[in-house]
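Dear colleague,

Please find below the structure for your review. My notes follow it.

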Amino acid sequence: MDEPMALYRRYRPETFAEVIGQTHVTEPLRHALANNRVNHAYLFSGPRGCGKTTSARILARALNCEQAPVADPCGECQSCRDLARGGPGSIDVIEIDAASHGGVDDARDLRERAFFAPVNSRYKVYIIDEAHMVSNQGFNALLKLVEEPPPHLKFIFATTEPEKVIGTIRSRTHHYPFRLVPPKVLTTYLEELGRTEGVTLEATALPLVVRAGGGSVRDTLSVLDQLISGAGDDGVTYDLAAALLGYTPDSLLDEVVDAFAAGDGGAVFAAVDKVVETGQDPRRFAEDLLQRLRDLVIVANVPDAISIGLIDIPGDRAERIENQASRFGRAELTRAADVVSAGLTELRGATAPRLLLELVCARILLPGADATPDGIQARLDRIERRLAMAGDTSQPTTPAPAPSAAAAPAPAPASPAPTSEPAPTPTPAATPSPAPTPATPPPAAAPAQTVREAEPTPTPTPGTVGVADVRRLWPQILDKVRGLRRFTWVMLSQNAQVHSLEGNTLTIGLVNAGARDSFARSGSDGVLGTALTDVLGGTWRVEAIVDPSAAGGATPPDGPAERPSHAASEPPAPQAPPQGAAPEAPTASAPPVPSRPERASADAIAAARATLREDSARPEAYDPDRHARADDPAMDNDGLSHEELLSRTLGAQVISEIPHD
């Protein structure tokens, strides 16, 4: 079985037309060859693997071609066949590795043999590779020969460091600088090569191959050769390339970027832990994160960057990148990229790379700790984005009063009931007279009902809301729930937390099974879904599970004195009226307890007592059932104590009891 040849040798160009990405060099050389104006010495410089030695061989073939002067070698004459890819070579074209033949003695030996005429060809061509390795004494020994060579002699120096070639040699050559090949050119070339080889190359894997090659054609072909050798029946896939080349998967980068956008530190550090636990290099992860931030910075500053080809991203990732860029401010993205770039320098040779990576993530999450103009601008971007988000979320709710106003005429037929004129008449019209008495409770329940019925179906936001966004906006969602139904607000604010989000289904964790069952039976999931629609838009489905860690859940935002008094007094409402006017001493000062949930409960109790005092001061306006709703759960005690009943229904825990005389 024949040993397969490496790709970079099998596809080495044989004409200047086959050299990719070096048009600025190949076209002038072709014109010089066609016009028979070839210089006696050339200096080819540039990064490794970009075509310097290959172009030198093509130039030697074209010079010794039997049809010369010609821009491209014919490939049919004996000289062209000898110097072709895989050919035996020519005795008149000598390649010298200056790394091992760079001394003065080697230069003298070359100088002595250079004066002999070529054997079979028109010119004797010396290709000196890695010319920067020639010592100064060796260059000085060649100086006279390079300056005034015999007519049959040509020199081609190839080097990656032209500044190390002494100036007297450089001044006697034509210098052609080679460049790295652009990614788009390399991608197109790899696609053609894959079709030639009959190997399937996944579109998302090609950018990884090009990035690993770093613009060098030889390095890129070496990487691709390795991937093709290890590919299965499905060809070179993204997963294979990412795993073999050590790049961070896109899913993990998306997770980190989304967490940065939401300010979710838990998700960020969980991703860092995942990087370390899976054996990935923290520095490589930081490089990949910086590359992603670079794409986001460009998209944020140039919205059509992907469509005009400014960023080479496959189509299935373009929408995701644009969505992520829209969730950051431009200054915030720039600052994050600066922080990661500075962290990369610190990670070089670090003894604790994980710690440094976590510090970099912490700096990105805390723009408030950055007193530089970038940090201040990042904070302004975050504030503006939140204000814009609040403005967008208020739009679906602003039309709500209009339908409620339109729905107001609906109860109008019942308004004739207050007319007292027909009351003395024993006609059937007198029957609506009891209507004013039950008409007092509906005002408390009517707003929630009208909002729910008259609320227009908002346009859903396609895939832009994550669990981190829901957690960040949870206080606003609780405010909406408080306005819709206080019973649901009490359960969510004290005994629930956001567990997960899949599509448009939000899972809520409640402290125990009793709280979960009460939440489901009371229709609170519908109230929470309405609040989610008001704040986030779209259509939502709510599920409840048991999560013991939800004890003492999200605390309501500041301002519990506005309306939480009714929420706090809702469960014990039937027992509150007999108290009459509550004593001043308990309401003036709550017992000093250190924990936050207890302080919040004490404030709510004090507010509830204040409301009771106001109601008791106006006995004609007091109605013990004014907060009741038809869909409230039945409070069947089953012989349970009040502590057990509160725990089963609301998931509450009695901390202390204050006796009242």
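**Findings**

A117 is exposed, with a relative accessible area of 54%; exposed means over 50%, buried under 20% and partly exposed in between, with a 1.4 Å probe and protein chains only. A117 is found in the loop between helix 5 (104–114) and strand 3, where helices (H or I, at least four residues) and strands (E, at least two) are DSSP runs numbered from the N terminus. Its C-alpha atom is separated by 8.9 Å from that of D92, 25 residues apart along the chain.

This is a predicted model, in which local features need pLDDT of at least 70 and side-chain atom pairs count only at pLDDT 80 or more, while totals for chains, interfaces and linings use all residues. Residues are numbered from 1 along each chain as its sequence is written, and side-chain values use heavy atoms, with hydrogens and water left out.

Strand 4 (residues 153–159) is mostly covered, with 7 of its 7 residues buried. In a regular strand the side chains alternate between the two faces of the sheet. Here L153, F155, F157 and T159 point one way, K154, I156 and A158 the other way, and all are buried.

Strand 4 pairs (at least two DSSP bridges between two strands) in the parallel sense with strand 1 (residues 41–45) over 5 bridges. Strand 3 (residues 124–129) also runs parallel to strand 4, joined by 6 bridges. F157 is the bridge partner of L43 and stands opposite I128.

D233 lies in the loop between helix 10 (217–230) and helix 11 (238–245) and is exposed, at a relative accessible area of 88%.

Yours sincerely
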